[in-house]
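Please look through the structure shown below, and then read the explanation that follows it.

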Amino acid sequence: MRNILLDGFLRRPLTEDLPPDPELAALGARLDAESRRKLGRSLAIREIDAGSCNGCELEINALATAFYDLERFGLRFVASPRHADVLLVTGPVTHAMREALERTYRATPSPKWVIAAGDCAVGCGVYANSPACVGSVAAVIPVDIHIDGCPPTPVRLLQGLLALLASPRAR
Ligand code: SF4
């Protein structure tokens, strides 16, 4: 046991060193500044999977990893729509998820914004002809901004969030 503890103190972490990414840092800093200017605080995001293949979730989850470290820019994912400013919705809306999406939208306090993230959320993507789908996110709830891509990259998602905050719709 003593050797295991000693080994843990002495050995370097197995993760790779984070390469400097000035573009990402600049993007995050602009997002942080815009969020504080619009809201007076950091931005709270509630992610909703309305029927995706989970490819989009992999990219969204990457934002919270040590590599992208979304929280250093003041952005955070919240568990309840009642604490959210932004609903980040992925996937085509399936019949099974339609009511849950509508109820989540209603439970989010105003002002609120909705992002449809990924080709499926924008226009049903590869599920366009599926009988399981109601349609795009905009067919069910009002959408403020669309982010295309299958899946959209983490940087693309950050650019979309920034575009949302910079748009006149974000009061
Ligand atoms: S956009 Fe692509 S990755 Fe995202 S849910 Fe659709 S098929 Fe999956």
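The mean positions of the 19 positive and 19 negative charges of the chain lie 8 Å apart. Here Lys and Arg count as positive and Asp and Glu as negative, while His and the chain ends are not counted; each charge is placed at NZ of Lys, CZ of Arg, CG of Asp or CD of Glu.

The model is predicted: local features need pLDDT of at least 70 and side-chain atom pairs count only at pLDDT 80 or more, whereas totals for chains, interfaces and linings use all residues. Residues are numbered from 1 along each chain as its sequence is written, and side-chain values use heavy atoms, with hydrogens and water left out.

The chain contains six helices and seven strands, which are DSSP runs numbered from the N terminus (helices: H or I, at least four residues; strands: E, at least two). Their order along the sequence is α-α-β-α-β-β-β-α-β-α-β-β-α. The C-alpha trace spans about 60 × 40 × 30 Å along its principal axes.

Of contacts (heavy atoms within 4.5 Å) between residues at least 6 apart in sequence, 81% join residues at least 24 apart.

Of the 171 residues in the chain, 43% are buried. Buried means under 20% relative accessible area, exposed over 50%, and partly exposed in between (1.4 Å probe, protein chains only). Leu 6, which belongs to helix α1 (residues 2-10), is partly exposed, with a relative accessible area of 48%.

The accessible surface of the chain is about 9,500 Å², and carbon and sulfur atoms account for 56% of that surface; such areas come from the Shrake-Rupley method with a 1.4 Å probe, and for residues only the protein chains shown count as cover.
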